[in-house]
Amino acid sequence: MTAVTTIDVWFDYICPFSVMTRKVLADAVTDPDVRTVWRAYELHPEGTPPPGEGDYPERVWENSVLPMAERLGVRLGSAPSLPLPRTGLALRGHRYAERHGAGLAYSDRVFDAHFLEHLDIADPGPLGDLAADVGLDAREFRAYVTSAAAAEQYLREQEEARRTHRIHTVPTLTIGTWRTEGVPRADRVREVLAALRPPAGGSLHSAGAATRNPTPSAARSRS
């Protein structure tokens, strides 16, 4: 039986570079034996500063974010207004959507709501509507994301990301022993996956030995 290679990606819905990484991986990964696992990581669990106290560096959205998005074929709107929304509920919603087979569709909808429509993705009301847009039960969705059980599980996952996986920014990707932070290059992702593909009679462990040293990424989250 063919071994499955896993790409783990930590992301947040307020991070434009997370959107770009979705596009890069969609273009770079065509092998059905490679699966991408999207893992929630909230950049600002205590909330972001109000305008003027830590907003995007001057012109960075126009001079850095939008040009990179355009090169990758990712559509983004104007810079989100500050303070940025807390994304804990939206990220809990991702787990719910994944369980119901709608993880990718839900994330696409939430990213569009934040970056193109400037909706409040911290409010369970609009979030439930977004879930309904991709075929999920809005009432059940809202009940889940606001439940104590979902909150406890989410906090455990956030702690595991920080302590076990040493996540401190998004996007962060790992493939085997290879790790990078920021938007990866599609050609580099293909190289890493090719190196992990075992030769005839080989193993994934031996093939992965050549992927231990990550290359610098294109950009890190400035959210």
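This is a predicted model: local features need pLDDT of at least 70, side-chain atom pairs count only at pLDDT 80 or more; totals for chains, interfaces and linings use all residues.

Biologist: How many helices and strands are in the protein?

Modeller: The protein has 9 helices and 4 strands. Along the sequence, they come in the order β-α-β-α-α-α-α-α-α-β-β-α-α.

Biologist: And what share of the residues counts as buried?

Modeller: Of 223 residues, 45% are counted as buried.

Biologist: What about contacts along the chain?

Modeller: Take the contacts with a separation of 6 or more: 75% of them are between residues 24 or more positions apart.

Biologist: Now the helix pair. How do the axes of α1 and α4 cross?

Modeller: Helix α1 covers residues 16-28 and helix α4 covers residues 103-115. Their axes come within 11 Å and cross at roughly 140°.

Biologist: Why are they called oblique to each other?

Modeller: Angles over 145 degrees would count as roughly antiparallel. The crossing is at roughly 140°, and α1 and α4 are therefore oblique to each other.

Biologist: Is the crossing of α1 and α4 left-handed or right-handed?

Modeller: The crossing of α1 with α4 is left-handed.

Biologist: Which residues meet there?

Modeller: From α1, Pro16, Ser18, Val19 and Arg22 take part. On the α4 side they meet Leu104, Ser107, Asp108, Phe111 and Phe115. Sorted by class, this contact has 5 nonpolar, 2 polar and 2 charged residues.

Key. Residues are numbered from 1 along each chain as its sequence is written. Side-chain values use heavy atoms; hydrogens and water are left out. Axes are lines fitted to C-alpha atoms, for helices over the stretch in contact, and angles run from 0 to 180 degrees between N-to-C directions. Helices (H or I, at least four residues) and strands (E, at least two) are DSSP runs, numbered from the N terminus. Angles under 35 degrees count as roughly parallel, over 145 as roughly antiparallel, 65 to 115 as roughly perpendicular and the rest as oblique. A crossing is left-handed if the near helix is turned anticlockwise from the far one by less than a right angle, and right-handed if clockwise. Contact means heavy atoms within 4.5 Å. Ala, Val, Leu, Ile, Met, Phe, Trp, Tyr, Cys and Pro count as nonpolar, Asp, Glu, Lys and Arg as charged, and the others, Gly among them, as polar. Buried means under 20% relative accessible area, exposed over 50%, partly exposed in between (1.4 Å probe, protein chains only).
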